[in-house]
Amino acid sequence: MSYHVNEKGYYGEFGGAFIPEMLYPNVEELRQQYLKVMEEPSFKKEFNQLLKDYVGRPSPLYYAKRMSEKYGTKIYLKREDLNHTGAHKVNNTIGQILMAKRLGKTRIIAETGAGQHGVATATVCALMGIECIVYMGAIDIARQAPNVARMKMLGAEVRPALSGSRTLKDATNEAIRDWINNPVDTHYIIGSAIGPHPYPDMVTRFQSVISAEIKTQLKEKEDKENPDYVVACIGGGSNAAGTFYHFLDEKEVGIIAVEAAGKGVNSGESAATSVLGHKGIIHGCKTLLMQTDDGQITEPYSISAGLDYPGVGPMHSHLHTTGRADFMAITDDDAMKAGLELCKLEGIIPAIETSHALAIFEQRRFEPNDIIVVALSGRGDKDLNTYINYFGL
Amino acid sequence: MNRIHKKLQEEKKLLSIYFTAGYPKLEDTVPIIEKLQENGVDMIEIGLPFSDPLADGPTIQESSTEALKNGMTTKKLFEQLKDIRKTVHIPLIIMGYFNPMMQYGIDAFCAKCAEIGIDGLIIPDLPVDVYEEEYKEQFEKYGLSNVFLITPQTSDERIRFIDSVSNGFIYMVSSASVTGAKNTFGDVQAQYFERIHQLNLKNPQIVGFGISNKDTFEAATKLAKGAIIGSAFIKMLNKKGIEGIPDFVKSI
């Protein structure tokens with residue numbers, strides 16, 4: 001069983017490139033070039049240098065002592081929250097901006113949910129002096145005001161998506177339309193492990209620095225490269241893809257993907273795709289997605305803007321269908337509690353997306369000697385208002 | 001030979017109209033088709049609404065959202081169309097995105113189209129390569145033409161490939177844009193129309209996107225076999241309703 005993409009862009013039955021002809025030249029150019037470009041020594045050098053000096057990698061692998069004591073197991077946190085711009089997203093945007101430059105593109109578009117990807121894209125565009133337009137759902141613009149301000153300060157134009165549910169999926173539609181209208185000079189930096197092939201694979205490869213570092217760091221700390229479990233929250237699934245990547249073929253490593261159950265998986269207000277979704281096509285790939293019997297895409301719900309997406313990336317659909325990964329769904333309430341708990345136990349304010357992953361320890365028992373690595377995908381500064389309102393702080 | 005092939009053999013330039021099924025009102029689908037035929041339209045594209053239409057501009061997207069709110073579904077559309085061939089003889093094409101068709105079941109969808117008398121399908125997000133490998137046989141079994149898009153960015157080599165897989169006509173997107181984005185044609189389009197004309201393809205070409213009036217219709221059909229009007233027709237429906245159809249068609 002392979003958990004990696006095949007040459008046609010499929011993970012098992014999921015993936016592919018279901019795009020209108022208007023996008024074919026762009027996507028085809030990328031498909032033909034991305035592996036070649038990523039292998040170029042000059043590309044590798046520039047990418048690694050920027051990850052080190054600009055992003056601040058390697059991000060620490062932190063042994064969470066008090067949390068480990070509380071849950072009677074060994075918990076490590078992979079500190080992507082310490083990256084420049086505050087989340088894992090920048091690993092991918094650094095990679096893609098270098099890719100775009102090598103493809104001769106002069107204009108960048110992106111979509112964003114929580115704003116982390118938008119900020120990461122605006123940041124690398126500022127770094128390279130390239131025009132940047134970020135599409136963001138009108139509702140997300142309202143609930144992620146600090147990130148909107150950051151993008152503007154970084155010189156990006158933030159365009160509200162006013163259609164549909166006015167959240168991430170609609171921002172993605174708008175970005176794709178922009179790309180259709182500007183096929184020659186524009187590169188679309190997709191922020192998650194979703195989209196037409198080669199995006200899911202390309203994004204996963206850029207994010208795979210996370211699992212590569214986990215291996216090295218765990219070797220230093222525990223004298224073994226493989227933990228017993230790797231855990232990550234999953235909306236589209238880019239931090240999860242990067243956290244899982246180098247463990248996909250290591251059978252002894254358990255993989256746990258944590259989705260947003262919203263107000264409850266069966267409440268009608270949820271984003272738990274693995275439970276509620278079935279096979280379909282969204283944003284250019286065949287994957288699991290939440291939809292009506294008639295094939296209309298359902299509006300998802302989560303308190304975290306970054307998990308508020310009706311699908312998951314095709315790699316994750318494959319991991320779910322084959323049983324390689326366990327999927328868990330965590331409610332808003334449980335996520336918020338887990339987020340606050342991390343603040344009190346470890347002095348770290350996590351992004352609400354990440355809090356979903358942290359909440360599994362209340363629901364699942366691990367052995368005392370188990371080593372569990374949780375991707376701390378982002379920091380919670382952007383979510384202060386949500387924390388304030390939720391807890392009445 | 002289906003109705004599309006026969007229609008394409010006629011001498012004239014063809015006027016095709018796109019509208020969204022179930023818009024402005026749920027039960028407007030059949031009356032709109034009948035009215036279009038009555039006023040001399042050559043071919044009709046019936047839009048199957050989708051929640052997330054990537055290739056459509058705001059006008060068509062809003063009509064789709066509205067149609068879905070009105071209660072339009074794939075089953076409902078098939079029900080509405082079940083007796084359409086008693087009154088309508090011009091070619092009918094369903095245009096929609098792949099996901100709703102997949103959920104209905106591709107074989108069941110094609111079978112139903114054949115049963116009703118639908119002549120062809122336009123599925124913008126089903127790439128020609130995937131179609132050829134996975135679905136072509138099925139579509140052909142039911143006598144359905146599958147119509148593919150080409151754009152100014154499509155290479156000559158790929159256009160020839162699309163031409164070889166096509167069976168009916170080629171949908172020539174006038175410019176790099178989503179639907180309803182442009183109002184006039186310039187030199188760039190003229191060169192593109194000329195380039196495609198020079199390729200001497202086996203399938204005739206019908207131009208879509210950016211046709212909104214007599215001028216753009218004439219410019220688009222100078223070298224091509226016909227043209228499709230979508231957004232401009234939806235805008236008219238929105239303003240004047242079905243009663244506005246005769247004047248609209250006359251003005252082209």
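**A strand and its neighbours**

Ile108(A) stands opposite His187(A), which belongs to strand β8(A). This is a predicted model, in which local features need pLDDT of at least 70, side-chain atom pairs count only at pLDDT 80 or more, and totals for chains, interfaces and linings use all residues. Residues are numbered from 1 along each chain as its sequence is written, chains are lettered from A and ligands numbered from 1 in the order in which they are written, and side-chain values use heavy atoms, with hydrogens and water left out.

β8(A) covers residues 186-189, and its pairing with β5(A) is parallel, over four bridges. Strands here are DSSP runs of E with at least two residues, and helices are runs of H or I with at least four, numbered from the N terminus. Two strands pair if DSSP finds at least two bridges between them.

Strand β6(A), residues 131-137, also runs parallel to β5(A), joined by six bridges. Within β6(A), Tyr135(A) is the bridge partner of Glu111(A). Between β5(A) and β6(A) the chain passes through helix α5(A), residues 116-128, in a right-handed β-α-β crossover; right-handed means that, with the strands pointing away from the viewer, the path from the first strand over the helix to the second runs clockwise.

Why is β5(A) largely enclosed by the rest of the structure? Six of its six residues, 107-112, are buried, where buried means under 20% relative accessible area, exposed over 50% and partly exposed in between, with a 1.4 Å probe and protein chains only. Arg107(A), Ile109(A) and Glu111(A) lie on one side, and Ile108(A), Ala110(A) and Thr112(A) on the other.
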